[in-house]
Amino acid sequence: MTFVNHGCNGTYNVGDYENIEYTEFTVDAKSVPSDMSDRVLLRTYHPIIDRHMGSYLSGGDFALNDIKAGEEILNNYLNFVENEEWTSDVNHLRAQCSGEAVGSVKKYEDEAVG
């Protein structure tokens, strides 16, 4: 399995055929854009859907441009934001991309070292 970070400011280099053109800074943090509403996860618990959602969401991803050896693979995390978490997740991505916050993996790594 490959871990993929968020590509800030539209720098993501993997996506799918329905790749969105929004970034954490161009999207309205207060509401999900209407053309994205069917892509945003609706969170009603369903064991079969929940078990396979990760595969479904990432199954169609491919390189959007040439990726050179050693270049980091980046995706647009807006594709994975849930409806009820939209505002907080968009604001957290903005903070990360502005250098005001760190993501979960970086936070975990820093705590493990410290």
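Here is a short chat about reading a few local features in this predicted model.

Visitor: What should I know before I start?

Guide: Residues are numbered from 1 along each chain as its sequence is written. The model is predicted, so local features need pLDDT of at least 70, side-chain atom pairs count only at pLDDT 80 or more, totals for chains, interfaces and linings use all residues, and side-chain values use heavy atoms, with hydrogens and water left out.

Visitor: How many salt bridges does a search of the whole structure find?

Guide: A salt bridge is a side-chain nitrogen of Lys or Arg within 4 Å of a carboxyl oxygen of Asp or Glu. The search finds one: Asp-110 with Lys-106, at 3.0 Å from N to O.

Visitor: Where do Asp-110 and Lys-106 sit?

Guide: Helices are DSSP runs of H or I, at least four residues, and strands are runs of E, at least two, numbered from the N terminus. Asp-110 and Lys-106 are four residues apart in helix α3 (residues 104-113), so about one helical turn separates them.

Visitor: What about phi of Asn-9?

Guide: Most residues other than glycine have a negative phi. Asn-9 has a positive one, near 55 degrees. Asn-9 lies in the loop between β1 (5-6) and β2 (14-15) and is partly exposed at 48% relative accessibility.

Definitions and conventions:
Buried < 20%, exposed > 50% of the residue type's maximum accessible area, 1.4 Å probe, protein only.
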